[in-house]
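Subject: Structure handover

Hi,

Here is the structure I promised to pass on. Please open it first, then read my notes below.

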Amino acid sequence: MNQRRNASSKSQPTKPLITKNPDISKQKGYKSQKSNFFSSEKNIFTLCLAFRIANSLLIQTYFNPDEHWQALEVAHRIVFGYGHLTWEWRKGIRSYFHPLVFAVLYKVLALFGLDTPWFMAHAPRLLQALFSAVGDLYFYRLSNAIFGNFVAKWALFSQLANWFMFFCFNRTLSNSLETVLTLVGLYYWPCMRASPSKAPLVLRKWGLAIAALACAIRPTSAITWVYVGLLELAVTRDRLKFLILEVVPIGALVLGLSCLLDRLMYGSWVIVPLNFLKFNFLSSGGDYYGTHKWHWYFSQGFTVMLFTFLPFSIAGSIKSKCWKLSGLIAWVLIVYSIQGHKEFRFVLPMLPIALMFSGYSLSVMAKSDSDTRRKGSPNSHMKRPSKVGFAIFVLLATNIPMALYMSLVHQVCEIPHQLYQIQS
């Protein structure tokens with residue numbers, strides 16, 4: 001009798017992985033459900049790196065002039081002594097922080113005799129592919145810290161399958177590196193965790209340093225970190241210590257190093273964030289490059305970036321009830337909507353957050369399919385089509401053609417082929 005009872009207890013089904021509680025990581029039996037592949041972050045990073053390298057080599061089209069004139073052309077001038085500098089560099093509204101990343105790469109290529117047209121054209125995007133893979137890994141970590149491993153896997157799928165991430169994330173825009181730093185930084189802020197009080201406060205210092213670095217590279221990143229900082233201020237117990245002993249010294253240190261770097265490169269003292277603020281916000285200088293209606297990010301810009309992931313992101317945002325992340329997206333879109341000049345890339349750091357909600361929605365659908373198969377007959381899965389399977393088909397069938405068309409056909413760039421002809 002005892003043996004029969006033990007056998008029957010072992011055969012009982014385990015508890016579902018997903019419930020209506022957004023803090024999925026706390027559920028019983030959850031830890032043991034990790035697959036072998038996703039139990040190793042090394043495997044996840046290897047997958048993301050291989051994907052992003054292939055992604056970078058498939059990008060053959062033109063998107064935005066800043067990819068070249070605000071990064072690679074400046075880096076080329078630093079290393080090789082010639083190259084055109086646009087008016088922004090004469091007015092001191094750009095920091096040399098970002099171009100120096102690629103200047104170091106160019107210098108290494110030159111030292112090893114690899115400064116050939118092919119390497120000069122492709123190496124910067126391959127380097128950005130490395131940064132993007134790090135961003136993907138921390139995106140997975142952040143999703144895991146907030147929702148648990150099961151949701152994190154679907155969130156990573158959404159990140160890798162989204163057409164705009166494929167099209168833009170590997171480009172040498174400052175927005176791409178800003179997005180990477182945003183994902184890394186958010187992971188280290190306790191207020192973004194499911195249980196902020198349980199996160200070690202030492203993580204917050206790393207989050208502050210990364211946030212300051214993101215602002216040094218792109219001053220408008222402060223829009224994101226003001227929201228996160230205020231949220232942290234609301235949940236932390238040691239507010240005075242947070243402000244005086246962490247925010248002020250870390251922010252001053254990074255700002256000071258940035259000013260010293262720009263002093264060395266410009267030849268005079270230049271406070272880039274102040275000049276950037278004057279031109280883009282106080283004088284609306286960016287309006288010279290075109291303006292859009294106030295609702296553009298909501299009605300066109302951000303919705304196009306999400307594409308067919310949009311309904312899944314909205315559903316995931318509602319079902320997860322993680323309002324601090326939803327609030328972050330809304331805050332950034334609203335603030336950017338105040339400015340007349342709007343671009344897709346400005347809100348790129350918010351796209352992974354929205355795709356995280358899409359991953360949550362897909363995970364709920366996967367759990368529902370699993371429950372249906374478990375409750376029904378052994379052949380019930382053949383009678384009813386899988387909800388999540390149909391969703392995956394729709395997402396891939398729409399995003400893959402879009403990503404390939406925008407990366408290989410639309411506004412294809414012939415510059416590398418011209419360089420090969422010059423070299424020969």
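Predicted model: local features only at pLDDT ≥ 70, side-chain atom pairs only at ≥ 80, totals over all residues.

Start with helix 11, residues 222-235. Its 14 residues, at 1.5 Å a residue, should span 20 Å.

Which residues of helix 11 are buried? They are Ile223, Thr224, Trp225, Tyr227, Val228, Gly229 and Glu232. These buried residues pack against four neighbours: helix 9 (174-188), helix 10 (202-217), helix 12 (239-266) and helix 16 (323-338).

Next, a helix pair. Helix 3 (residues 66-80) packs with helix 5 (residues 97-111) at an angle of about 50°. Their axes are 8 Å apart. Angles under 35 degrees would count as roughly parallel, and 65 to 115 as roughly perpendicular. The angle of about 50° therefore makes helix 3 oblique to helix 5. The crossing of the two is right-handed.

Who makes the contact? From helix 3: Gln70, Ala71, Leu72, Val74, Ala75, His76, Ile78, Val79 and Phe80. From helix 5: His98, Pro99, Leu100, Phe102, Ala103, Tyr106, Lys107 and Ala110. By type, the residues of this contact are 13 nonpolar, three polar and one charged.

Last, the whole protein. It has 20 helices and zero strands. Of its 424 residues, 49% are buried. Take the contacts between residues at least 6 apart in sequence: 78% of them join residues at least 24 apart.

Over to you.

Conventions
Residues numbered from 1 in each chain as written. Heavy atoms only, no water. Axes fitted to C-alpha atoms, helices over the stretch in contact; angles between N-to-C directions. Parallel < 35°, antiparallel > 145°, perpendicular 65-115°, else oblique. Left-handed = near helix turned anticlockwise from the far one by under 90°. Contact = heavy atoms within 4.5 Å. Nonpolar A, V, L, I, M, F, W, Y, C, P; charged D, E, K, R; others polar. Expected span 1.5 Å × (residues − 1). Buried < 20%, exposed > 50% of the residue type's maximum accessible area, 1.4 Å probe, protein only.
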